[in-house]
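User: I am new to reading protein models. Please take me through one, a feature at a time.

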Amino acid sequence: NAIVQGNCYDSLELCEGLGNLYLAAFWKPVKEKFQAAINENNNLASDALFMIDAVYSVEERLEKMEYDSNSRKAIREREAYPWIRKLENWMAVTVSTAGIGPRLLDAILFTYKRIPMLTTYVKDGGMMIDGTFIESAVSCVRNSLSDNKFCCSDSSDALCTAIFKSFASTCHLKGKDPWQWLSDTLAAISRPSFSTADLSGLMP
């Protein structure tokens, strides 16, 4: 099993059905959608942002403390997940409200159908809620704007690049040299005795 995580939801959804992949969406695009709806419907957009900020506040506290992945997972399940469920329930009710405005409606529809991908990070203490936290944790991994646009395109090359960047970031988070990991992995899969059953043991 492998996890593919990112901001570009359309590209993530291209990965659906590609073997044992867990798709995880960063929260930043969701927050930006509701922020864009503030001027249109301040009260309702603020309600959503209050719940989203509550989810982020859990991560901000976790970043300041040195919890292991199991502890992070337990805290997220106890504190962040209930807020995600509240947001989900709020959207289910609010979407039918008369006159909510096109931007808020777009934000709700954009987010509601992707709740499963937005919740994936809760189940794994080693994952991050969005790229901002990853950039602070992995200072040596930096993507240029052109790289990010490329990774959000629909080409197979873009998908491969995005997946490799995920592997490289995971290596750094776990204290491994990504190039050494890649070298060892390529050597392992080139052996005649290699079996696809051994793939899980090669994950960083």
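User: Which are the buried residues of α3?

Analyst: Start with the term. Buried means under 20% relative accessible area, exposed over 50%, and partly exposed in between, with a 1.4 Å probe and protein chains only. In α3 the buried residues include Leu 44, Ala 45, Ala 48, Leu 49, Met 51, Ile 52 and Val 55. Tyr 56 and Glu 59 are among them too. An α-helix has 3.6 residues a turn, so residues three or four places apart point the same way.

Two notes on the source. This is a predicted model, where local features need pLDDT of at least 70, side-chain atom pairs count only at pLDDT 80 or more, and totals for chains, interfaces and linings use all residues. Residues are numbered from 1 along each chain as its sequence is written, and side-chain values use heavy atoms, leaving out hydrogens and water.

User: Where is Arg 76?

Analyst: Arg 76 is in helix α4 (residues 69-94). Helices (H or I, at least four residues) and strands (E, at least two) are DSSP runs, numbered from the N terminus.

User: Is Arg 76 buried or exposed?

Analyst: Buried: its relative accessible area is 0%. Contact means heavy atoms within 4.5 Å. Arg 76 touches Glu 59 and Leu 62, and also residues including Tyr 121, Asp 124 and Met 128. Both Glu 59 and Leu 62 are buried residues of α3.

User: How many helices and strands does the protein chain have?

Analyst: It has 10 helices and 2 strands. Of its 204 residues, 38% count as buried.
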